[in-house]
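Welcome, and please have a look at the model below. The briefing after it goes through a few of its features, topic by topic.

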Amino acid sequence: MSLTATFRKEAEDLVKEQMAAYDPSHDWLHVDRVRRQALKIAKEESTNGKTIDIELVELAALFHDIGDAKFHREGQPTGREIVMAFLAKHDYAKADIVAKIVENVSFRKELAGIKNEWAESCIELHIVQDADKLDAIGAFGIMRCAAYSGYKNRSLYDPAEKAQLNMTYEQYQAQTKANTGCAISHFHEKLFRLKDMMKTPSAIRMAQKRHDVMVAFVEQIEEEYSMDE
């Protein structure tokens, strides 16, 4: 089954229902930005001679945060299970690939360092990963970081806290479990790293400007806190 207007609407409704349980940094509007960004990247990469399944990109971008590990609770269905059940209902032939992208799209998965031939070669995965990362940096990234910190009741800026630079997967998992780390530390630990993790030429080009916005923001925060204005 192709992505008809009815199919797309039902997919969007599923995502809105799932995202309603999340905070504003992972809401439907975030998902829609990632979808639009992914389609933009796909279009640009296609004009550069790459063969890309646009339909696959759109569905994977729509579903990319379903079952997000940050919000998943024991006993709840996984993102794969939710996605596969929905796509099976629509008899979608590439359901397994969509679910596979959803399972592998996160920064957490990349940080784990588990590599395989499929993840290294799937351009549709790379596009959705890049689109998601682009929404994590720049102006929207700043707002999303503050929103998530508020949701988790974490400090916005604690000058006594030392960011864990070059954070490992184990450190990332431990920090998530302990619910520690202020918002500004998150820039040093994760967000400033994303520019160099982009995979498509289109995203690499777009990431620099957004990265610079974040750097300027953190510098301004530090200046204001130091009272050196």
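Predicted model: local features only at pLDDT ≥ 70, side-chain atom pairs only at ≥ 80, totals over all residues.

Residues are numbered from 1 along each chain as its sequence is written, and side-chain values use heavy atoms, with hydrogens and water left out.

**Helix H3 and its cover**
- Helix H3 spans residues 54-63; helices here are DSSP runs (H or I, at least four residues), numbered from the N terminus.
- Eight of the ten residues of H3 are buried, where buried means under 20% relative accessible area (1.4 Å probe, protein chains only).
- Those buried residues are Leu56, Val57, Glu58, Leu59, Ala60, Ala61, Leu62 and Phe63.
- Their cover includes helices H1 (5-19), H2 (28-47), H4 (79-89), H5 (95-104) and H8 (123-134), with contact meaning heavy atoms within 4.5 Å.

**Helix H9 against helix H12**
- Two packed helices are described by the angle and the distance between their axes.
- For H9 (residues 138-151) and H12 (residues 201-226), the axes come within 7 Å and cross at roughly 50°; axes are lines fitted to C-alpha atoms over the stretch in contact, and angles run from 0 to 180 degrees between N-to-C directions.
- H9 is therefore oblique to H12, the class left after angles under 35 degrees (roughly parallel), over 145 (roughly antiparallel) and 65 to 115 (roughly perpendicular).
- On the H9 side, Gly138, Ala139 and Ile142 meet Arg210, Val213, Met214 and Phe217 of H12.
- The residues of this contact divide into five nonpolar, one polar and one charged.

**Ser149 in H9**
- Helix H9 also holds Ser149, which counts as buried because its relative accessibility is 5%.
- Beyond its neighbours within four places in sequence, Ser149 is in contact with Arg154, Leu156 and Ala183.

**Cysteines**
- There are zero disulfides in the structure, a disulfide being a pair of cysteine sulfur atoms within 2.5 Å.
- The cysteine sulfur closest to that of Cys145 belongs to Cys182, and at 8.6 Å it is too far for a bond.
- Cys145 counts as buried at 6% relative accessibility, and Cys182 counts as buried at 3%.

Technical notes: Helix = DSSP H or I, 4+ residues; strand = E, 2+ residues; numbered from the N terminus. Nonpolar A, V, L, I, M, F, W, Y, C, P; charged D, E, K, R; others polar. Buried < 20%, exposed > 50% of the residue type's maximum accessible area, 1.4 Å probe, protein only.
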